[in-house]
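Biologist: I would like to go through this structure slowly and ask, at each step, what stands behind the words we use. Could you put it up for us?

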Amino acid sequence: MLKGGCWIFLSHSSHDIEKVRIVRNEFERLGHNPLAFHLKCLSTDTEEGRRELDSLIKREIDAREWFVFCESPEAVQSKYVQDEHTYIINSSKDKVWTIDMTADIDSILDKVRKICLDIEVVIFYAYRDRNIIRPLINAIVDKDYSVWPLEDNLQYGKMWDKQISERIIGCVYGGFYIVVITQESIKSSFVEKELAFASLQGAWIVPIVIGNIKLSENIRQWIGNYNPIFVKPTEEEFAGVVDILDDVVKKKIAKFDSGQ
C-alpha cells in the first residue's frame, strides 16, 4: 500500500497467541497491518457460529496478498489452522512465509523484519514523469506492496541525498529499488549517481526503461547488470512489471523458508 503499510494475514493456533501477539505488534511497529484472528473471538458452539467464523476468515483470505504461517506442533494439529492453510493454497495464494513459533523471540522478530523488507518497493523517477509513472505505482500498490515513491516521502528541510541514500541502503537487506529511466530522467545527473550508489551498496535494482530512448554508455553499463525491463507506458505493460516483482518475491520466500 502507499504509505499505509501492507495487510498481512497471520495463520496461527490459539495455543500460540502470546507469541503471535508479539509478531503482530512487530509488524504494526514497522508500519504494516497484520490480521491475527483469535479463534475464540466468535463462538463455534453452534453451526451458525462455525459458519460465520469460516465465512469471515475466507473473506479475509480472498482479499489479501501476503500470508504468514505461524508454525508450531499445535498449529499442525489444529483443524482450523489446517483448513486455513488448505483454503489459502487452493485459492492460488502463493506469497506465503512460514515462521517457526517454537524458535526464540529474537529469531522470530528477525523473520518478521525480513518479511517487511521483502515487500518494500522504493521507486525513483524524474518529477516531470510523475503522471506517466503514477499508473505503475498504482499497479504495484494494487498488489499490496509497500511503495515508497520519492516525491511523496522526501522530507523538506532535510538533505535529499541523505534520505535517498538511506532508502537505498534499506533495499540492500530486502525489497526492491526501482529506477525509472525516461527521456526526462536521463537529463538529470541523479540517475547515474543513484544507480552507481545503489550498485555499490548491493541493492536489488530493477531498472525500468520507458519508451525508445538513447542511453549513455554509463547508464547502459549500470543497467546491463540488472536485467532491465523495457516497457511502453501502458497499464498492461506496467502489470507485467508487477508480475516480475512477484516472481522475485516467491524466490525469496523459498530461500526464507529453507533457512538460507
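Modeller: In this predicted model, a polar atom of the Ser78 side chain lies 3.4 Å from the backbone nitrogen of Tyr80.

Biologist: What makes the pair formed by the side chain of Ser78 and the backbone nitrogen of Tyr80 close enough for a polar contact?

Modeller: The cut-off for such a pair is 3.5 Å, and the distance between the Ser78 side-chain atom and the Tyr80 nitrogen is 3.4 Å, so the pair is within the limit.

Biologist: Where is Ser78 placed among the helices?

Modeller: Ser78 sits in the loop that lies between helix H3, residues 73-77, and helix H4, residues 79-90.

Biologist: Is Ser78 called buried or exposed, and why?

Modeller: Ser78 has a relative accessibility of 15%, and buried means under 20%, so Ser78 counts as buried. In the protein, which has 260 residues, buried residues make up 45%.

Biologist: How do you know which residues Arg24 touches beyond its neighbours within four places in sequence?

Modeller: Contact requires heavy atoms within 4.5 Å, and, with those neighbours left aside, Arg24 is in contact with Leu10 and Pro34. As for Leu35, which is 11 residues from Arg24 in sequence, its C-alpha is 7.7 Å from the C-alpha of Arg24.

Conventions: Residues numbered from 1 in each chain as written. Predicted model: local features only at pLDDT ≥ 70, side-chain atom pairs only at ≥ 80, totals over all residues. Heavy atoms only, no water. Helix = DSSP H or I, 4+ residues; strand = E, 2+ residues; numbered from the N terminus. Buried < 20%, exposed > 50% of the residue type's maximum accessible area, 1.4 Å probe, protein only. Polar contact = N/O pair within 3.5 Å; in protein donor to acceptor, adjacent residues only side chain to side chain.
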